[in-house]
Amino acid sequence: MSYESAKAAFADWGVDTETALRRLAEIPISMHCWQGDDVVGFESKTGSSGGGIQATGNHPGRARTPDELRADLEFAYAMIPGKHRLNLHACYLDTDQNPDRDEIEFSHFAPWVDWARDQGLGLDFNPTFFAHAKADDNLTLSHPDQAIRDFWIEHGKRSRDIAAQMGAALGTACVNNIWVPDGYKDTPVDRFAPRQRLEQSLNAIMQTPHDKAQLLDAVESKLFGIGVEACTVGSHEFYMGYAIRKGTLLCLDMGHFHPTENVADKLSSVALSVDEILLHVSRPMRWDSDHVILLDDSILQMAQELVSADLLDRTHIGLDFFDATISRTAAWVIGTRNMQKALLRALLAPWDRLKSAEDRLDYTTRLMVTEEIKDLPFGAVWAEFCNRMDVATGPVLLSELDRYQAKVSGRTS
Ligand SMILES: C[C@H](O)[C@H](O)[C@@H](O)C(=O)CO
Ligand SMILES: [Mn+2]
């Protein structure tokens, strides 16, 4: 179907496709660096990954250096319509030096900032509280040993400072997201003390005020990970309370709740208590497995909530999946485009009509409309978006992805 016919079909429902396309073009997605190399990073380290975040698979082509990762990212961004962001972890530093986590500085990330400026990308950042000998107990900011806590507090402070400098250098606020793997494999007898210690460590890290135009602090909860099945110190309740009291962003990772929970349903509640939200859009398969996101109900509902509750301007959309059984560049492209497709579908819904039916308690009309509009030609509008942004679709996209994968598959670890 032509775009003009699709436009007319949506207009019949009172929906303007041009408005939707303009809005979609303004939504940046923060693409996570760690899909490109299976969360390995570029430092020499001795610790285990911790908290259940290991990637599985050995598909050829893993980026082994910052240059390879940047080349892969450039290819992926070229296959994704619009201008986006890169979410960098502290263990992805680019330097000949070998600083420990409590020694990192902005200069160790300067090549990333120069590259981001050249590419027109914003940067987001994350301190790395895992994959280090001092995290091998699965305790970092809540460790009972003050010396271990101090080490990680210093890492947190430095990461925050680096993030603020990234935001200042690029003229777009850098979201600095804190996730720690802290927890217990078996049932602890004291859950209160570690949570008090985590709170105190976070307070120490966030002591210095920063301009929100440069730095936005976020905290990320989790239900459990492999090795911390009995108790995660930074639980949802812990961080929800912390974010409300301290005025930070709350990060909702779709893999960090019980599989039967609807994370989209949380947005409107959380939005009543915190100013801004960070999303880690992911696909948990029975647990926090971080599968590449599909255009499935969970993602569609997330996008619907963002649009229907008018939360796009105060939600930072980040991705968090890593699959090493498929082409890593294709994983980025497929997942990011699926997030955009979900947003486009949400932007193309007749919200006024749906909300007015609901307010009249006319649930029959609400159901009829939600089901009828599923037949509308979304594909033609998406194709038009990609066309205007000069980005491939369909078989051409497939051959581009294959061509790039063939180019990198000779990399040996
Ligand atoms: C690598 C990320 O920081 C990590 O995936 C974190 O965001 C998380 O979700 C841990 O389960
Ligand atoms: Mn996450």
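Author: Buried means under 20% relative accessible area, exposed means over 50%, and partly exposed lies in between, computed with a 1.4 Å probe on protein chains only. This is a predicted model, in which local features need pLDDT of at least 70 and side-chain atom pairs count only at pLDDT 80 or more, while totals for chains, interfaces and linings use all residues. Residues are numbered from 1 along each chain as its sequence is written, chains are lettered from A and ligands numbered from 1 in the order in which they are written, and side-chain values use heavy atoms, with hydrogens and water left out.

Reader: Is Asp 253 buried or exposed?

Author: Asp 253 is buried, at 0% relative accessibility.

Reader: Which residues are the protein donors of the manganese ion (ligand 2)?

Author: They are Glu 220 (OE), Asp 253 (OD), His 280 (ND1) and Asp 320 (OD), at 2.1 to 2.2 Å from the ion. Donors here are N, O and S atoms within 2.8 Å of the metal (3.2 Å for Na, K and Ca), and sites may look incomplete because water is not among the atoms.

Reader: How are the donor residues spaced in sequence?

Author: The spacing is E-x32-D-x26-H-x39-D. Glu 220 belongs to strand β6 (residues 215–220) and Asp 253 to strand β8 (residues 249–253), so this pair ties together parts that are 33 residues apart in sequence. Strands (E, at least two residues) and helices (H or I, at least four) are DSSP runs, numbered from the N terminus. Glu 220 is also buried, with a relative accessible area of 3%.

Reader: And what is the geometry of the manganese site?

Author: The site is octahedral, with angles of 71 to 168 degrees among its 6 donor atoms. Six donors count as octahedral if opposite donors are over 155 degrees apart and all others between 65 and 115. Ideal angles for six octahedral donors are 90 or 180 degrees.

Reader: Changing topic: where does UniProt place the feature "binding site"?

Author: The unreviewed entry places it at His 256, Asp 288 and Asp 290. UniProt annotations may be inferred rather than shown by experiment. The three residues span 35 residues in sequence, yet no two of their C-alpha atoms are more than 9.9 Å apart, so they gather at one spot.

Reader: What does His 256 touch?

Author: Setting aside neighbours within four places in sequence, His 256 is in contact (heavy atoms within 4.5 Å) with residues including Trp 179, Glu 220 and Asp 288. The side chains of His 256 and Glu 220 are joined by a polar contact of 3.5 Å. A polar contact is a pair of N or O atoms within 3.5 Å; within protein, one must be able to donate a hydrogen and the other to accept it, and residues adjacent in sequence count only if both atoms are side-chain atoms. His 256 is buried, at 4% relative accessible area, and sits in the loop between β8 and α8 (264–270).

Reader: Where is Asp 290, then?

Author: Asp 290 is in the loop between β9 (277–281) and α9 (297–308). Its contacts beyond four places in sequence include Asp 320, and its side chain makes a polar contact of 3.1 Å with that of Ser 282.

Reader: Finally, which residue's side chain is in polar contact with that of His 316?

Author: That residue is Glu 276, at 2.6 Å. His 316 lies in strand β10 (residues 315–319) and is partly exposed, at 23% relative accessibility.

Methods: Tetrahedral: all angles 85-135°; square planar, octahedral: opposite > 155°, others 65-115°.
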